Amino acid sequence: MNTFWSKNIFGIDSLKTIRDFRFNIRFSELYLQVLPIQRGMKLLDLGCGPGSFTRCVYDWFQGDLQVEGLDLDDGYINFCTEIAARDHYNIAYTVGDACNTSFSNESFEITTSYTVAQHVEDLSFFKEQYRILKHGGYIVVMDVGGYSENIASQLEVIPISQEEFNVLLALKIVDEQNNIIKAKRHNKNRKSDYMTMNLLNDMGFTDILHQKIKIFGSPDNPQSDDFSRLIINNFYSHYIDLAISILNNDNNSDDIKHLANIYIDLVNERKAKRIEMYENNKKLWDSIETDVNIIIAKKGFI
Ligand SMILES: C[S@@+](CC[C@H](N)C(=O)[O-])C[C@H]1O[C@@H](n2cnc3c(N)ncnc32)[C@H](O)[C@@H]1O
């Protein structure tokens, strides 16, 4: 059973929280102005992780889309399958290698991926999508273009304590020493957009297009309570992820794992303060802004 990513790199909950914000239904119009997805299409999301994109895109079309997800990591896929059964998403999930799938030729009208191309050997990744796409179908390669969290106002009122800072420093040193994880975390296959577009062109894709979408959110905007809380959770997920990967690494001693648990408690204390302020209507106007980079290309008719 392969759980390398979900245990060591991105915890299921934190990755789901971050992506549920990024693909939230509030932003669906922005995405759908750009993405070549139509009702009823058969779509495969490669490297789907905890499945946020698959569920969100399904919701954008009120279920009128045939969605499948594939990932190498059993932890993510088991999670996706459980959520689909619990929340009645008619989405099929498979464990598999995105560069060498068991799907027949010309199975899908659209293949998507979000922050995956930089982690795999991209020639075989794109070749495989060319093979399983129907003629006239589209490949969509998505990535984070830019990311910023504006939490200065938050730090003034809920500062990071000296203790949290010290523990974080110690955990970072441990993380540096966990070389295998560090090597895997590094986006070693990252290419410029220009190089990706060139590669797609060389492989026979046509109608190649580069687009960008800007996603913005602040808990203090007037919006649904759930959405504001999702943004607050986003602020803190990043912090906790490092501690989770340290907890999941069997090479780390109990003392180090204890430190990781202390760190999680300290971050959660800060998060509780932020939630209390939100509930008392104290506005901080902290925010997240993300650019989503999107490359689209067509498998043209030969
Ligand atoms: C940064 S995560 C992104 C996950 C998901 N797309 C999302 O945005 O939530 C990269 C994902 O690629 C998956 N992955 C890496 N190599 C893979 C491969 N060869 N085949 C399938 N999935 C792979 C990892 O398991 C992980 O879920």
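Helix α11 (residues 225–247) packs against helix α12 (residues 254–279), the two axes lying 9 Å apart at an angle of about 175 degrees. The axes are lines fitted to C-alpha atoms, for helices over the stretch in contact, and angles run from 0 to 180 degrees between N-to-C directions. The two helices α11 and α12 are therefore roughly antiparallel to each other, a term for angles over 145 degrees. On the α11 side, the contact is made by S228, I232, Y236, Y239, I240, A243, I246 and L247. On the α12 side, the residues include I256, K257, A260, Y263, I264 and V267. Two residues are in contact if their C-beta atoms, placed from the backbone, lie within 7 Å. By class, this contact of α11 with α12 has 14 nonpolar, one polar and three charged residues. Ala, Val, Leu, Ile, Met, Phe, Trp, Tyr, Cys and Pro count as nonpolar, Asp, Glu, Lys and Arg as charged, and the others, Gly among them, as polar.

This is a predicted model, in which local features need pLDDT of at least 70 and side-chain atom pairs count only at pLDDT 80 or more, while totals for chains, interfaces and linings use all residues. Residues are numbered from 1 along each chain as its sequence is written.

The chain has 12 helices and seven strands; helices (H or I, at least four residues) and strands (E, at least two) are DSSP runs, numbered from the N terminus. The radius of gyration of the chain is 20 Å, close to the 19 Å that the globule rule gives for 302 residues, so the chain is as compact as a globular protein of that length. This radius is taken over C-alpha atoms, and the rule is 2.2 Å times the number of residues to the power 0.38. Of the 302 residues, 36% count as buried, with 20 or more other C-beta atoms within 10 Å of their own; exposed residues have 12 or fewer.

Around the ligand there are 21 residues, and the closest are W5, G47, G49, L72 and A98. The shell divides into 12 nonpolar, five polar and four charged residues.

I173 lies in helix α8 (residues 162–177) and counts as exposed, with 10 C-beta neighbours inside 10 Å. G146 belongs to strand β5 (residues 133–150) and is also exposed, with 11 other C-beta atoms within 10 Å.

| Pair | Apart in sequence | C-alpha to C-alpha |
|---|---|---|
| I173 and S237 | 64 residues | 20 Å |
| G146 and V292 | 146 residues | 7.4 Å |

Note on methods
A residue is near a molecule or strand if its C-beta atom, placed from the backbone, lies within 6 Å of it. Angles under 35 degrees count as roughly parallel, over 145 as roughly antiparallel, 65 to 115 as roughly perpendicular and the rest as oblique.
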